[in-house]
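Visitor: Please take me through one part of this model in detail. I would like a close look at a single strand and its surroundings.

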Amino acid sequence: WMLDATPAELAARLRAITADDGPPQTVFNVTVHSARGWTGGWGFEKSPDVYCQVQIHGGPDAIKKRTKTVDNKTDPVWEASFDFPLRAPELAVCTLEFWDEDLTSGDDFMGQVSLPLASVITGSKLTLPLLSAGLCFWESGGTPTCDVSFTSRPTTESTRALLAATAAADAASSETNGHPPSGDAALARTTAATGV
């Protein structure tokens, strides 16, 4: 749409998405199903303890979520699903980073993949190759891939109003108890209240 838009339409959209108080337009869901294909690249353990961090970057939104750790598996299965309320999904990029959890010497990087949300195929399970830290194919043993699926749905006026009210309540709570608001808790309350 950006190539066909007039300068005035682009300027209006830019003003709308850079406003800090703009409501989410879309709820984007990322489901991390599984990963496989490693034969090396972790520490001294026999098998890695793998988790995945899912991050959305771009536009005014920057959100990070994490799967549980699957211990001692080179083929972990999570079936973990995360919702991300986004104000500018056309600008967002989803990055999945895979790590070997190591409590004694620090976590070992196990690969990553990044996709612009505007080009993501929704509704299908995708098998994606994982890249090394240098954004090359994995060089530390094996050919790791991950299975992931994406869906999106527009937010409704009632969902936007509830998200705004929840954010305001979280902000007020953080002012009184000194703790930052929990985006996960707010989204869980919103999802429970609206079913969206």
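Guide: Start with strand β5, residues 93–100. Seven of its eight residues are buried, so the strand is mostly covered. Buried means under 20% relative accessible area, exposed over 50%, and partly exposed in between, with a 1.4 Å probe and protein chains only. Strands are DSSP runs of E, at least two residues long, numbered from the N terminus. This is a predicted model: local features need pLDDT of at least 70, side-chain atom pairs count only at pLDDT 80 or more, and totals for chains, interfaces and linings use all residues. Residues are numbered from 1 along each chain as its sequence is written, and side-chain values use heavy atoms, without hydrogens and water.

Now the partners. Two strands pair if DSSP finds at least two bridges between them. β5 pairs with β2 in the antiparallel sense, over eight bridges. There, V93 of β5 faces H57. β5 also pairs with β6, again antiparallel and over eight bridges. Here L96 has V113 in β6 as its bridge partner.

Widen the view. The open sheet has four strands, in the order β3-β2-β5-β6, with antiparallel pairing. β3 (63–66) and β6 (108–116) are the edges; each has a single partner strand, so one side of each lacks a neighbour in the sheet. On average, neighbouring strands are turned by 15° against each other, direction ignored; the axes are lines fitted to C-alpha atoms, and angles between N-to-C directions run from 0 to 180 degrees. Q55 stands opposite K64 in β3.
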